[in-house]
Each structure stands twice: as structure tokens, then as C-alpha cells.
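What follows is a short walk through one protein model. Please look at the sequence and the structure before reading on.

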Amino acid sequence: MEGRHEMLWMMGFPQAVGLGLVLTVAGADLTMRWPSRESVQGWQRYAAAVEARRTGEGRDARRFLALDFLPDAATERRTLMAGNLVVKSMDAHVDVPSAMVHHWRGAVFLPGAALERLMGSLETEAPPAGPEVLKAAVLSRRPGGMRLFLRLQRTKFVTVVYNTEHEVTFARDATGRASSVSVATKIAEVTDVNRPSEHELPPGDDSGYLWRLNAYWRYQVVPGGVIAECESISLSRDVPFGLGFVIGGLIRGTAQESMTRALEEIRKRG
């Protein structure tokens with residue numbers, strides 16, 4: 001305990017308070033660690049609303065990226081073409097009881113990228129290792145899709161590692177346009193990482209920081225390269241009453257940083 005207090009003091013007061021609360025929450029015997037039936041049903045409604053909206057957008061022959069349907073689309077495109085990442089929160093306005101949905105959209109311009117070369121890489125290769133993807137492997141391939149294993153690491157004062165599997169599908173939407181959808185079919189938190197006792201925690205015994213994860217990508221050829229846009233939705237446990245401002249902010253911040261890293265990684269691949 002003394003070492004923990006010393007660490008909090010060295011980090012500074014705001015960060016120390018955040019970490020102290022995270023450790024308190026992580027170590028407490030909290031109820032509803034695994035999502036309730038109501039939470040799962042809420043998540044399903046949320047994902048269905050996102051996918052319905054995206055299907056509707058796909059019928060528009062003039063617009064393609066999600067950003068094209070926003071009032072400030074021209075400004076956002078100029079920001080992207082200037083080499084900046086764009087990352088923004090979204091909301092499908094669907095209630096998910098006793099859980100938190102983290103919904104982010106991000107985009108990046110890949111100068112000099114060729115769409116077919118980029119899609120060929122995404123369709124055949126596992127993502128490279130990085131700060132978030134510790135390990136990756138293609139488990140199987142099928143026409144228009146693959147099953148991926150990813151060992152993910154999420155860090156925000158505390159670090160959590162997951163073994164995950166994802167079903168990924170790819171589509172050529174039109175000339176100069178492509179898309180992909182990734183749905184996590186397994187998310188298992190790993191404890192005692194890199195120790196002989198390393199193992200996956202059974203459902204219900206994990207921290208609840210990541211229960212579901214979907215990622216929807218669109219790729220569009222533009223003058224000078226390709227714009228890659230991702231929309232990500234994830235589900236996590238709710239937080240105890242009174243700690244939402246700090247702990248909820250930390251969990252939301254983790255999802256935002258995950259989106260930023262995903263865009264930075266695909267910029268390298270482009």
C-alpha cells in the first residue's frame with residue numbers, strides 16, 4: 001500500500017485521483033460484471049440502428065463516407081486533405097441499460113495510396129503489431145472475408161489485455177469505393193500476462209471494460225490518394241454511481257485513443 005501511495009504522489013494529484021479510483025473500482029466486489037440480458041438487447045438495438053443508418057447512406061450515389069452526410073462535410077474533408085486526423089464521438093440515440101456504449105468515428109487521408117493495393121493488403125494480411133495490437137494472425141480465409149485473432153491491449157492508467165477473434169467481411173461498393181466490417185466474436189480478458197500462470201478469465205469474472213466491439217470501415221479514392229474512415233462501437237460495463245465523471249471518462253478516453261491508433265496504423269499501411 002505504501003508503494004501505491006508513493007506512485008500516486010509522483011504522478012500528480014489529478015492523475016493520482018483517476019488511478020486511485022480505477023484501482024478502487026477494479027478491486028471492489030461489484031455486481032453485474034457480465035452484461036445483463038437487457039444490456040445485450042440494448043447493444044443489439046444500438047448496433048442495428050448504426051447498421052440501418054449506414055445501409056441507408058449506401059443508397060446515396062453522390063455521397064459515400066459518413067462525414068459526407070454531416071453539415072460540415074466540406075470543412076472536415078479539407079482538414080483530412082491537409083494531413084490531419086479527424087476523430088469525433090457519435091450517438092445512435094438508443095438506450096442501453098446498465099452498460100456504456102462508446103461510439104466513435106475517425107478518418108485519415110492516405111496520400112499516394114492505391115485502393116486496390118490497400119484492400120489487397122487488408123484482405124490477406126493480419127494487422128501489424130503495435131501499441132494496441134500485440135499479436136495478430138489470420139485464423140481462416142473465405143471469399144470476401146477472413147477470421148482474425150488479435151491480442152489487444154487497452155491502457156488508460158491501468159492496462160488490460162484481451163484475446164479476441166473477429167469476423168471480417170470486405171466489399172467493393174462501386175468504382176473507387178470499398179468497405180469492410182469487423183465484428184468481434186470472442187473477447188476474453190487475459191490475466192497474469194506473460195507469466196506461466198497466464199490464462200483467460202471466464203465470462204463474468206473479467207473487469208467489464210470491453211464486452212462487444214464492431215468496426216465499420218469505408219475507403220474512397222480521392223485526388224492524390226485514399227480516405228479511410230472508421231466507425232467503431234464498443235460496449236463496456238457501467239460504472240458505480242458517483243464515479244461516472246472520472247471512471248466513465250477514462251473508459252471513454254480509451255475508446256477514443258483506440259480509434260486514433262487504428263487510423264495511425266492504417267496510414268502506415270497505405
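Two residues are in contact when heavy atoms of theirs lie within 4.5 Å. The model shown here is predicted.

Begin with S179, which belongs to strand β6, residues 177-191. Leaving aside residues up to four places away in sequence, S179 touches M119, T169, F170, A171, D173, W217, R218 and Y219. Is S179 buried or exposed? Its relative accessible area is 14%, and the limit for a buried residue is under 20%, so S179 counts as buried. The side chain of S179 also makes a polar contact of 2.8 Å with the side chain of D173.

An α-helix has 3.6 residues a turn, so residues three or four places apart point the same way.

S89 is exposed, and its relative accessible area is 52%. Which residues does S89 touch, not counting those up to four places away in sequence? They are H103 and W104. Along the chain, S89 and W104 are 15 residues apart, yet 4.4 Å separates their C-alpha atoms.

Note on methods. Residues numbered from 1 in each chain as written. Predicted model: local features only at pLDDT ≥ 70, side-chain atom pairs only at ≥ 80, totals over all residues. Heavy atoms only, no water. Buried < 20%, exposed > 50% of the residue type's maximum accessible area, 1.4 Å probe, protein only. Helix = DSSP H or I, 4+ residues; strand = E, 2+ residues; numbered from the N terminus. Polar contact = N/O pair within 3.5 Å; in protein donor to acceptor, adjacent residues only side chain to side chain.
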